[in-house]
Amino acid sequence: MEWFDLLKALILGFVEGMTEFAPVSSTGHLIIVDDMWLKSQEFLGKYPANTFKIVIQLGSILAVVVVFWKRLFSLVGLYKIEGQQASSSFNLLHVIIGMLPAVIFGFAFKDLIDDHLFGVETVIYALVAGAILMIVADKFGPKKPTVNSLDEITYFQALKIGLVQCLSLWPGFSRSGATISGGVLFGLNHRVAADFTFIMAVPIMFGASLVSVMKNWDTLSMDYLSFYVVGFVSAFVFALISIRFFLKLISRIKLMPFAIYRLVLAAVLAIIVFL
């Protein structure tokens, strides 16, 4: 594989890693960057290109595991969080309840989403809709959050956030944008909402990636191994940077700057696509 092709893998890994956990939609950015400019399908083929996007997403998942390994290990009994009370602490059931609505809706409407919602035009609409939700969360969410740590999240709050997360099945809406906005609206502070979002993303993204890899298993080829490896490593490194930076930033700037970015991006894309 030529060095220019590997540069494309590096760029796509960068886009995935930097946008997967920011509330700007990694899927939307990948569709924009790849479909409009890099066009990986032209040299990989449709199905190997789809598999590549799954592989780099696994790189982003690994970055979350590295950052949140204590919390993730505590959920399955492999680590004890100091000062955590077993009777009221954040546990695996919170995660299951939070992810269940998106899993059910995802399976129910997968074909509809794949057939009609993957495209630059639909991403533009999703960018705007997600931005509106984020603005609403910042403007109308509780002025004084009632939940200031993961261990204060109730099961009912986890369910409500999970229902809002279903909006992220629309490519371009953003999983983190939906869940953080939902968390803020339901009383979580921005940092706790982000923590819950990232932790909940691990089983959701891993499960979805596993299903997709199995579905596209026949398209895997050693001919593309270097392309996959470069993309995976790039996504992992840049996701690691992005997560740490975002977690430091979210409590200070909240969601409004990301909403503005989404609206500007949507406007630029609309000019390119519709004019």
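Where is Lys-39 found?

1. Lys-39 is found in the loop between α2 (26–38) and α3 (41–44), where helices (H or I, at least four residues) and strands (E, at least two) are DSSP runs numbered from the N terminus. Although Lys-39 is not a glycine, it has a positive phi of about 55°. With a relative accessible area of 32%, Lys-39 is partly exposed, given that buried means under 20% relative accessible area, exposed over 50% and partly exposed in between (1.4 Å probe, protein chains only).

2. This is a predicted model, in which local features need pLDDT of at least 70 and side-chain atom pairs count only at pLDDT 80 or more, while totals for chains, interfaces and linings use all residues. Residues are numbered from 1 along each chain as its sequence is written, and side-chain values use heavy atoms, with hydrogens and water left out.

3. Lys-254 is placed in the loop between α11 (225–253) and α12 (256–274), and this residue, although not a glycine, has a positive phi of about 60°. Its relative accessibility of 35% makes Lys-254 count as partly exposed.

4. The unreviewed UniProt entry places the feature "transmembrane region" at residues 51–69, 90–110, 116–136, 192–213, 225–247 and 259–274; such annotations may be inferred rather than shown by experiment, feature names are shortened, and positions are given in the numbering used here. Over residues 90–110 the model is 90% helix and 0% strand, with the end C-alpha atoms 30 Å apart. For residues 116–136 the corresponding values are 86% helix and 0% strand, with 27 Å between the end C-alpha atoms.

5. Thr-122 lies in helix α7 (residues 120–140) and is buried, with a relative accessible area of 17%. Leaving aside neighbours within four places in sequence, Thr-122 is in contact (heavy atoms within 4.5 Å) with His-116, Leu-117, Trp-170 and Pro-171.

6. The axes of helix α9 (residues 175–185) and helix α10 (residues 190–215) come within 9 Å and cross at roughly 135°, the axes being lines fitted to C-alpha atoms over the stretch in contact and the angles running from 0 to 180 degrees between N-to-C directions. That makes α9 oblique to α10, since angles under 35 degrees count as roughly parallel, over 145 as roughly antiparallel, 65 to 115 as roughly perpendicular and the rest as oblique. Among the residues that meet across this pair are Arg-175, Thr-179 and Ile-180 in α9, and His-190, Thr-197 and Ile-204 in α10.
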